[in-house]
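Please open the model in a viewer and keep the selection tool at hand.

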Amino acid sequence: MSAEETEPLIDDAARQQHNEHVSPAGRRPLRSTLFEGRKGKVAAVSAFVVVVVVWWLSLLFVRTLLDGRGDDGEHWPKPGQHSTAGRLPVMGYNTWNYFACDINETVIIETVSELNSLGLAELGYKYMNLDDCWHEPQRSPDGFLVANRERFPSGMNNLTDTIHALGLKAGIYSDSGWYTCQMYPGSYQNEARDAKTFQDWGFDLLKYDNCAEPFDTVIREGMVGKFQRMSEAINDLALASGRTPLIYSLCQWGREQPWLWAREFGQSWRTTTDIGPAWSWMSDIINTNSFITWASDFYGHNDLDMLEVGNGNMTLDEQKSHFTAWALMKSPLLIGTDLRIIANESLEVLSNREIIALNQDPVVGTAISPFRWGINPDWVSNSTHPAQYWSGKSENGTVFMLLNTLDVPSDMFFNLTESPWIRAGRQYAVRDLWTHTDNGTAVRNFTARNVPPHGVVALLLRDVDDEPDGIYPPCAVLEWCTAENGTRYDE
C-alpha cells in the first residue's frame with residue numbers, strides 16, 4: 001500500500017466542521033489533529049502508569065517505615081528480619097563470669113547502681129543481663145517459666161522496672177534445649193510462650209544457650225534450625241505486638257560456623273567455647289577469631305564471650321590486650337567482674353573512652369583484621385601465638401593493634417602500607433589510644449618499642465599531608481617499583 005493510500009479521506013463537510021473548532025491562531029491540517037489525539041491517548045496512558053508507579057512506591061515506603069523501624073527509630077537490616085536494635089555491639093554487664101548461680105535481685109540492683117556511680121553506664125554499658133539460675137526448677141502448672149521466689153521475691157516486672165528507672169536495659173537468659181546448662185527449664189518447644197513471657201516481664205535482650213540437646217528423632221533439626229525457632233518466635237511477637245523485638249544473642253559456642261548463618265537470626269553469635277580469666281584463654285579466642293573478622297558489621301557481631309577484666313590473675317597489660325582485642329574486633333562488651341570491689345586499674349581499662357568509641361563507631365561497622373601474623377606465617381593458626389599485627393577502618397582514621405604474644409618485651413615494626421587502609425606517599429598523625437597522647441607523625445613505617453609481654457599498642461593514624469620530598473627509595477614497597485622510563489628499583 002502506498003503512502004497516499006494511507007491518507008484519511010475527508011469530505012468537505014468534515015473539513016468545515018473541523019475548521020470551526022480550530023483556534024483563531026491558525027488552522028492546522030486535520031491529520032495533525034488526529035495524530036495529536038493519538039499522542040494524547042499515549043500521554044494519558046503514560047500518566048496513568050506514572051500514577052500507579054508512584055502509588056506503589058509510596059506503599060512500599062510506608063510499609064518499610066512500619067515494618068522496618070522500631071521504637072528506637074533504627075531501621076531493620078532487611079524486611080522480615082526481627083532486628084530493630086543491635087546495630088552496634090551490645091555493651092553492659094553479665095552475671096555469669098563472677099557470680100555464676102549466686103545471683104539475686106539485690107546483687108542485680110547493686111550492680112546497676114555501680115554501673116551508674118562508676119560512670120560506666122554513661123560510657124555505654126547499658127545492659128544489665130541475668131545469666132543462668134534465675135528460674136524455679138519447674139515450670140508453672142500451665143507451662144510458664146517462673147522466677148525463683150527466694151532470689152527474686154519482688155518478681156521480674158519489679159526488677160526490670162527498677163533497672164529501667166535507673167537508666168539501663170535488662171537482659172535475660174534461656175536455652176535452646178530441654179534445660180539450661182545448670183538444668184533449669186529450657187525453652188525448647190516453648191519458644192513463643194517464653195519470648196512473650198520475657199517481653200511481658202520487661203526484658204530487652206535474650207541470651208540463648210546450647211545445652212540439653214533434644215534427641216535427633218525429636219528435634220530433626222540442625223544447629224541452624226534449633227536457633228531459628230526462637231528467632232521466629234521473637235520476630236512473630238514483635239510483629240504482633242508492635243514493640244521493639246528482643247535483641248537475640250546466640251550462645252552456641254561457635255558450633256557449625258555461626259558466622260555464616262546466625263546474622264539471619266540475631267545480633268551476635270558466640271564464636272568459641274567459654275572464656276576463662278587467664279591469658280591462655282585470651283590468646284586462643286583471639287586466634288580463632290583472627291580468621292573470621294569479616295563476619296562482623298552493623299547488626300551482626302562475632303561474640304568473643306564476656307569480659308574477664310578484673311578477674312583472675314591477669315596482668316594489667318593482659319587485661320588491656322584482652323579489652324582492646326574484644327573492642328576493636330567489634331565484639332559485645334559485657335563486664336563480668338564484681339563492680340563493688342573492682343580495682344582502679346581494671347576500672348580504667350573498662351573506661352577507655354577512645355577504645356570504646358571505636359567499638360561503637362557509628363560510621364564503620366567492620367572489625368580490625370590481621371595484616372601480618374608475625375610469629376607464624378600468615379594465615380597459620382596458633383592458639384598461643386595468634387596474629388600480632390592488625391588494622392581496620394574507623395570514622396576518624398586507620399586503627400592499628402599491635403599484640404605482643406611473646407612472654408618477653410618486644411619491639412614491633414611494620415610498614416604503614418602493609419595495612420590496606422593506608423595511602424602510599426602520605427604521612428600520618430599518630431594517636432596512642434592507651435597513653436592518650438599525640439605522638440608526632442609516621443612516614444612509611446612505625447616501630448613500637450619495648451611492648452610488654454602479652455601487651456598491646458593501639459594506635460589511630462590520621463592522614464595529614466604528603467610525605468616529605470627526597471625520601472629514598474621512591475616506593476615504600478620495592479616490589480615492581482618502577483620509574484616512568486622503565487627503570488626498576490627492585491632489581
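The stops below concern a surface patch, a serine, aromatic rings and a tryptophan. Please bear in mind throughout that the model is predicted.

**Stop 1: a nonpolar surface patch**

Select Trp-178, Tyr-179, Met-183, Phe-215 and Val-218, which make up a nonpolar patch on the surface. Together these residues present about 540 Å² of accessible area. Trp-178 is classed as partly exposed because its relative accessibility is 38%.

**Stop 2: Ser-268**

Next, select Ser-268, which belongs to strand β6 (residues 268-270). Is this serine buried or exposed? Ser-268 has a relative accessibility of 7% and therefore counts as buried. Display its surroundings: apart from neighbours within four places in sequence, Ser-268 contacts Tyr-248, Ser-249, Leu-250, His-301, Asp-303 and Pro-332. With Ser-249 there is also a polar contact, side chain to side chain, at 3.3 Å.

**Stop 3: aromatic rings**

Colour the aromatic side chains; the model has 17 aromatic pairs. One of them joins Phe-291 and Trp-379 in a tilted arrangement, with 6.3 Å from centre to centre and 45° between the planes. Phe-291 is in the loop between α10 (279-289) and β7 (301-303), and Trp-379 is in the loop between β9 (369-372) and β10 (389-394), so this pair ties together parts that lie 88 residues apart in sequence. Phe-291 is partly exposed, at a relative accessible area of 25%, whereas Trp-379 counts as exposed at 60% relative accessibility.

Then select Phe-371, Tyr-389, Phe-400, Phe-414 and Phe-446, which form one aromatic cluster.

**Stop 4: Trp-434**

Finally, select Trp-434, in the loop between β13 (426-432) and β14 (437-443). Its relative accessible area is 14%; since buried means under 20%, Trp-434 falls into that class. Which residues does Trp-434 contact, leaving aside its neighbours within four places in sequence? They are Lys-320, Phe-323, Thr-324, Val-349, Asn-352, Ile-355, Val-456 and Ala-458. Show the side chain of Thr-324 as well, for the side chain of Trp-434 makes a polar contact with it at 2.9 Å. To end the tour, draw a C-alpha to C-alpha distance from Trp-434 to Leu-459: these residues are 25 residues apart in sequence and 8.3 Å apart in space.

Methods
Residues numbered from 1 in each chain as written. Predicted model: local features only at pLDDT ≥ 70, side-chain atom pairs only at ≥ 80, totals over all residues. Heavy atoms only, no water. Patch = residues over 30% accessible without salt bridge, like charges linked within 9 Å, V, L, I, M, F, W, Y side chains within 5 Å. Areas by Shrake-Rupley, 256 points an atom, 1.4 Å probe, with all protein chains shown as cover. Salt bridge = Lys/Arg side-chain N within 4 Å of Asp/Glu carboxyl O. Buried < 20%, exposed > 50% of the residue type's maximum accessible area, 1.4 Å probe, protein only. Helix = DSSP H or I, 4+ residues; strand = E, 2+ residues; numbered from the N terminus. Polar contact = N/O pair within 3.5 Å; in protein donor to acceptor, adjacent residues only side chain to side chain. Contact = heavy atoms within 4.5 Å. Phe/Tyr/Trp six-rings, centres within 6.5 Å; stacked < 30°, edge-to-face > 60°.
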